[in-house]
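Here is a short briefing to read alongside the sequence and the 3D view. Keep both open as you go through the points.

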Amino acid sequence: MRKARRWFSRNLIRIYAVMGFTYLFIPVLYTFAFSFNNSSKSNLVWRGFTFNNWKNPCGAPDVCNALGNSIKIGLIATAIATVLGTMIAFALGRYAFKGRSLVNLLIFLPMATPELVLGASLLTMFLNFGFNPGFVTIVIAHVMFCISFVVVTVKARIASLDPRLEQAAMDLYADERETFRRITFPLLAPGIAGAALLAFSLSFDDFIITNFNSGNVNTFPKFVYISAERGLPAQANVIGSAMFFIALIVVLLGQVVQRRRKVS
Amino acid sequence: MVDASTSAHGDIKLSNLTKSFADFTAVDDLTLTIPEGSFFALLGPSGCGKTTTLRMIAGLEEPTAGSIFIGNTDITHMRPYKRPVNTVFQNYALFPHLSIFENVAFGLRRRGIKDVKEQVDKVLDLVELPHLAQRKPLQLSGGQQQRIAVARAIVNRPALLLLDEPLGALDLKLRRQMQIELKWIQTEIGLTFVHVTHDQEEAMTMADTIAVMNEGRIEQMGSPADLYDNPKTAFVANFLGQSNLIKGSIESNGSESLVVNLFGQKVAVPRARSSARDSSILVGIRPEKLRISPETSSASGNVLTGGIIEDVSYIGVSTQYQVLMPWGQELMVFEQNDDGVPPLDKGDRITLSWEPIFTFGLDGSEDANAGSELHNDEEE
């Protein structure tokens, strides 16, 4: 009895970790497993193993159209938000100007505001200005909430950049443009890339704001939400699992590249 | 592109150079000339304005007033990348994402030189690290990074090389070695070096000329030996080595020497070595110039009696005494252990004496402790 208790107290942290990870990964595993379900309409009951869904991910009506929209919106919004956000981060991190602390505060607002409020007020604004909700309004909305995350991420990176490196470049005959190209940008690139990945994933799985401002354009999260009511096709599980593994590979690649950079 | 990055050379002239920030003046009306080819040190405690002066010469700080010339070229407001000046930064500032080779080649490439390999290899040979060319900076030790920082600057053959506390991050042994190497490199390539440091020993080891800075001004400028032997202010006397400064009043003013009353005892001060403006004087004597002897034995030269040994530290080559004088002041004495006589003991009553020629006189209105608390100060 005492032995068991001692074993328990010694391994408590491990047990806790296993429980935590189980809690986190059961939904993922479930999604992955049911992507192999030989279902016809609803994907709720296990009806046998098949590769058919993976062979034919666009098999369900509209699923690939929605996915394509999500990827397009994600790429465009990420590109715009990353460029604008990086520029704002530079302004906030490098220059003293009137109203800087106010801007710093305002940048945080979209992150702190409930998405429901953002989505609803954006829709009101678009309608007031006579914009029909659709692809463009989704992109505008996504750029808006992604910028904050880009600014915060890149600003942290800029703050940790030793200003003497840029001074050293200037001292070694590099003008402002060359200094940015050869020193500042390469050193900030990992931070900017991280910010872009974050922006893409935020854009890709946003549902609430998108739902308000999308009109009849379908995105992947919206597709999942709507079809959940009448039975989700297994193709949604296929795409969800695929996205998960792509993200995993990107993270692993990033780790490998960083480790190699340090060594060589 | 017409610029001065390769053409200008000559003496460096700073005229009335001033840098004011919102609430204080870092550099206050500084005027000095640094001869071409010399090893010049700006020495002072942190916050004395030496680094700001260096950064103005490099172009990284805009002067509030005054001008900077290299030969006949005015570089006061020139962008840093147009100046024939390169800097070895404190903590080196090597580019972490570039190889050692590319770090060193950086300046050459920016000036549009295509074939950099020969020059880079040559300078890596000079700093004895050719085998590290393909490494990244973070894989190098502190001493190696320091040498690469020097190589990266001197490969450009600037008219002026600036060194900002370049040895501050190294341990003592490595610092000594690098001092000798830097001096050797400077002699080898014949560039003008301006070296900023708070370490008086470092400045004295390497520099031909030292300017001692304090509160944005130059206290005194000269060769290491001149500054050490003939300090003109209490700050210099205390910051460069140690000094015993004793308050006194001038009793008579001879043609060769002054007779000074130090709390009732009379000593001679060479007239030429006194910078006292009136009868009030600070008499200065370096601790190693003092001789210490038991009260009973006779002494010649300048003599001060009535001291009691308060503390004895045996250092090996020398013994350091702390002696309490009758007027309550503690004096330092360094005695070489070269005569086989065992050191005196704590509590012994002793007499101090020294050759009058070693005495220097400072103005009596000065603070006798100025600069002494700043010894071995941390870097800025």
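Predicted model: local features only at pLDDT ≥ 70, side-chain atom pairs only at ≥ 80, totals over all residues.

**Confidence in chain B**
- Chain B has a mean pLDDT of 89. In chain B, 96% of residues reach 70 or more.
- Over residues 376-380 of chain B, pLDDT stays under 50. The model has twelve contacts beyond four places in sequence for residues 376-380 of chain B.

**Helix H2 of chain B**
- H2(B) is largely enclosed by the rest of the structure, because eight of its eleven residues are buried.
- Those buried residues include B:Ile100, B:Val104, B:Phe106 and B:Leu108. B:Asn103 and B:Arg110 are buried too.
- Their packing partners come from both chains: helix H9 (176-204) of chain A, and strand S6 (85-88), helix H3 (117-126) and helix H4 (142-154) of chain B.
- B:Gly112 follows H2(B), and its phi is positive, near 80 degrees.

**Chain A**
- Chain A has twelve helices and zero strands.
- Chain A is more spread out than a compact globule, because its radius of gyration is 23 Å, well over the 18 Å that the globule rule gives for 264 residues.
- Along the principal axes, the C-alpha atoms of chain A fill a box of roughly 70 × 70 × 35 Å.
- Of its 264 residues, 30% count as buried.
- Among chain A contacts between residues at least 6 apart in sequence, 77% join residues at least 24 apart.

Notes
Residues numbered from 1 in each chain as written. Chains lettered and ligands numbered in written order. pLDDT = per-residue confidence, 0-100. Contact = placed C-beta atoms within 7 Å. Buried ≥ 20, exposed ≤ 12 C-beta atoms within 10 Å, placed from the backbone. Helix = DSSP H or I, 4+ residues; strand = E, 2+ residues; numbered from the N terminus. Rg over C-alpha atoms; globule rule 2.2 N^0.38 Å.
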